[in-house]
Amino acid sequence: MRFMTNDVPSPAPRGFYPPIEPYASGLLDVGDGQRVYWEECGNPDGVPAVFVHGGPGGGCAPEHRRCFDPERYRVVLFDQRGCGRSLPHAWEPEADLSTNTTWHLVADLERLRRHLGVERWLVFGGSWGSTLALAYAQKHPERVSALVLRGVFTLRKRELDWYYEAGGADMVWPDEWEKYVAAAGPGVGPGGYIQRYHELLTDPDPAVHGPAALAWTTWEAATSTLLRDQAHIDEVQDPQYAITFARIENHYFLNRGWLEDGELLRSARTLCEHGIPGVVVQGRYDMCCPIGTAWALHRAWPEAELHISPTAGHSFAEPETLAALVAATDRFAQELATTSAAGTQPETAAKLVAGAQPELAATASVAGAEPGLAAESATGTMQEAQA
């Protein structure tokens, strides 16, 4: 088990790589009437990596491409079902979320890997993206070369209660919590907010689901950074974005992600058994996904490293967290390219990682049935990405 801590912030943290545009993109038919948007950036001959966005329902953004060295990585990004540039959108009145589950998304990710002809890839995910990354890696460990996770979230009841049911975060952000409670309406208390918001968000009347979506989304945006980021809060006020985000998130949380409580932590042994190396980056003051879950993962998956950002919250773009994420992808770009060129087996690669001297300033280091795979088809074309 590897753990070092240094609660002195870096004076000059590493930032994003320069902006980059995709060299290929498309819509992959994944069945159930769903088409998933995907794009590829960077070096077509580089180390394959896939970025798994958060939410669920958040979609990808241009900044996500910039966590990877474009000279050394073949970067794949995709918008999960119902959000971003995938079709249909969850904000549409007739949207059906019945086939939008954790295990449908795991199957989509595997189908995309096969469609793009990738043998194994580094999987990078934060917040809900860490949930999906862990579920995918535990289901398909032979397809994962490494994991880079941030703001670990495993959908345990205590995690959902902490943030959405007055289980703790309300005591830190009482001003923002008051707005969340007010939008839920009368006659509801702790233990009932997720259910109440589900009723509001599925109401066909825009005068009902619209304000509820904004309240749900604003609560998360306002509390996701250590210092209030008004620009980010303003960004999520777009009604279509807020409805998409809130509906999909609430749908997943109401159903506990179709996971048994603690399943992803218990199944972390799969990562150990397959020698999957990893880096976990966690903000010390993450209100959305408290550090206790990352620590539990660290204990269950001791081969991975946990980097604690001493003055950061939940956001991936906070300077210390971003610096650690970029350092992790830089490190794996070298190690995975080396082991791939040498034909090294995954178990040997894990040992090399365990013996490496990371660039990180502070380190420490955690299933369900897959839906039947539909026939693959895609409308992928060489084109410029949509913003």
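Glu21 is exposed, at a relative accessible area of 52%. Exposed means over 50% relative accessible area, buried under 20%, and partly exposed in between, with a 1.4 Å probe and protein chains only. The partner of Glu21 is Arg65, and the two form a salt bridge with the closest N and O atoms 3.8 Å apart. A salt bridge here is a side-chain nitrogen of Lys or Arg within 4 Å of a carboxyl oxygen of Asp or Glu. Arg65 sits in the loop between strand S3 (47-52) and strand S4 (73-78), and Glu21 in the segment before strand S1 (24-31), so the pair ties together parts 44 residues apart in sequence. Helices (H or I, at least four residues) and strands (E, at least two) are DSSP runs, numbered from the N terminus. Arg65 has 4% relative accessibility, so Arg65 counts as buried.

A word on the basis. This is a predicted model, where local features need pLDDT of at least 70, side-chain atom pairs count only at pLDDT 80 or more, and totals for chains, interfaces and linings use all residues. Residues are numbered from 1 along each chain as its sequence is written, and side-chain values use heavy atoms, with hydrogens and water left out.

Back to the charges. How many salt bridges does the rule give? The count comes to 21. Glu21 and Arg65 also belong to a network of salt bridges, together with Glu39, Asp79 and Arg85.

Next pair. Arg143 bridges to Glu119, with the closest N and O atoms 2.8 Å apart. This links distant parts of the chain, 24 residues apart: Arg143 in the loop between helix H2 (128-139) and strand S6 (144-150), Glu119 in the loop between helix H1 (102-116) and strand S5 (121-126). Glu119 is exposed, at 54% relative accessibility.

Third pair. Glu176 and Arg228 meet in a salt bridge at 2.7 Å, N to O. Again distant parts of the chain are linked, 52 residues apart: Glu176 is in helix H5 (residues 174-184), and Arg228 is in the loop between helix H7 (206-223) and helix H8 (230-235). Is Glu176 buried or exposed? Glu176 is buried, with a relative accessible area of 4%. Arg228 is partly exposed, at 43%.

Leaving aside residues up to four places away in sequence, Ser224 touches His232, Cys288, Gly313, His314, Ser315 and Glu318. Contact means heavy atoms within 4.5 Å.

Now helix packing. Two packed helices are described by the angle between their axes and the distance between the axes. Helix H6 (residues 193-201) and helix H9 (residues 239-254) have axes that come within 10 Å and cross at roughly 140°. That makes H6 oblique to H9. Axes are lines fitted to C-alpha atoms, for helices over the stretch in contact, with angles from 0 to 180 degrees between N-to-C directions. Under 35 degrees is roughly parallel, over 145 roughly antiparallel, 65 to 115 roughly perpendicular, and the rest oblique.

Which residues make the contact? From H6, Ile194, Gln195, Tyr197, His198 and Leu201; from H9, Ala246, Arg247, Asn250, Phe253 and Leu254.

Last stop, Leu265. This residue lies in helix H10 (residues 263-266). Leu265 is buried, at 13% relative accessibility. Its C-alpha atom is 6.5 Å from that of Ala300, 35 residues apart along the chain.
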